[in-house]
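Me: I have a model open and would like to know how some of its labels were assigned. Could you take me through them?

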Amino acid sequence: MFLAHISRPDTFTSQEIQSAIQRNEFRAYYQPQVELTSYEVSGLEVLARWHHPRLGLMAPHTFLPSIMTSGLFNELSYSLIKQALDTQNTLFSQGFDLPISINLEPSQLGDTCFINTLIAQVHQGSVNRRPLTIEITESRDENLQSPKYSKNIAAIKDVGWSVAIDDFGTGYSSFERICQLKCSELKIDQSFVRNMMVDDNYSKAIKYIVALACDMGLKSVAEGVETPQQLIQLQNIGCEHGQGYLFSAPLSSEKIKAWCVRWSGAALL
């Protein structure tokens, strides 16, 4: 089902969201990352979708603000991780050993109880024990140098997990943030990829980000790859990984399993 094309309320109550979590209406969807040289699948990003009984399939921007306001983002994260681990375990049993990444709010990174619970959940629920990647979109409201962040980042690193800066190049991204988060991955915002074919400045910016990642030993991932021309340009620049509709839209658990079975990067050549 595509996104519902009917009007939706601007906000949802805490009770509506809590009930939806309990009824498993929030589903984990998966968008693959692809290594741009070999075209091998290099991981899956976990994304949230709401299968609303009245409004249909809803994208995150329609409900995440209400979830943040209601204080139920941790509960949503636990639900998505449980679903993602089940999917990852099934794929592993079918011969696909794929790491997963999940988006967290910076405030969650500062929540020691949440981080400890998440680590325990993944430890107990993962068959292959592949490291998790935590994707963080930066906020100017969070002091990542405070002791609570440092402690939790250290705990994440101790269990072998990675931190990625999402939408890099926009918002509050900075060199200092890269060092503070001890990140291992830069995800280049899709706006750069979308505009690089029509404005050389965007292409130069991507080259700079990729070179920065290379110099610092970080993984570079281009988001929003939609055309073969963008793919070729990114390959010429030296970007390591890509994610976007050229490879696959976000898919449900059953559909991502089928996609992995039939995927052949040769189709892009």
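**Helix packing and aromatic rings**

Reply: Gladly! Let's start with a helix contact: Thr87, Thr90 and Leu91 in H3 meet Ser253, Ile256, Lys257 and Cys260 in H11, where contact means heavy atoms within 4.5 Å. This is a predicted model, with local features needing pLDDT of at least 70 and side-chain atom pairs 80 or more, while totals for chains, interfaces and linings use all residues. Residues are numbered from 1 along each chain as its sequence is written, and side-chain values use heavy atoms, leaving out hydrogens and water.

Me: What makes H3 roughly parallel to H11?

Reply: Helix H3 (residues 73-93) and helix H11 (residues 253-262) pack at an angle of about 25°, their axes being 11 Å apart. Angles under 35 degrees count as roughly parallel, so H3 is roughly parallel to H11.

Me: Why is the pair of Phe26 and Trp50 called tilted?

Reply: Ring centres within 6.5 Å make a pair; planes under 30 degrees apart are stacked, over 60 edge-to-face, and the rest tilted. The Phe26 and Trp50 rings have centres 4.6 Å apart and planes at 40°, so this pair is tilted.

Me: And what makes the pair of Trp50 and Phe63 edge-to-face?

Reply: Here the planes are at 85°, with 5.9 Å centre to centre. Trp50 lies in strand S2 and Phe63 in the loop between strand S3 (56-58) and helix H2 (64-70), so the pair ties together parts 13 residues apart in sequence. Trp50 and Phe63 are both buried, that is, under 20% relative accessible area.

Me: Which residues form one aromatic cluster?

Reply: Phe12, Phe26, Trp50 and Phe63 do.

Terms used. Axes are lines fitted to C-alpha atoms, for helices over the stretch in contact, and angles run from 0 to 180 degrees between N-to-C directions. Helices (H or I, at least four residues) and strands (E, at least two) are DSSP runs, numbered from the N terminus. Angles under 35 degrees count as roughly parallel, over 145 as roughly antiparallel, 65 to 115 as roughly perpendicular and the rest as oblique. Rings of Phe, Tyr and Trp (its six-membered ring) pair if their centres lie within 6.5 Å; planes under 30 degrees apart count as stacked, over 60 as edge-to-face and the rest as tilted. Buried means under 20% relative accessible area, exposed over 50%, partly exposed in between (1.4 Å probe, protein chains only).
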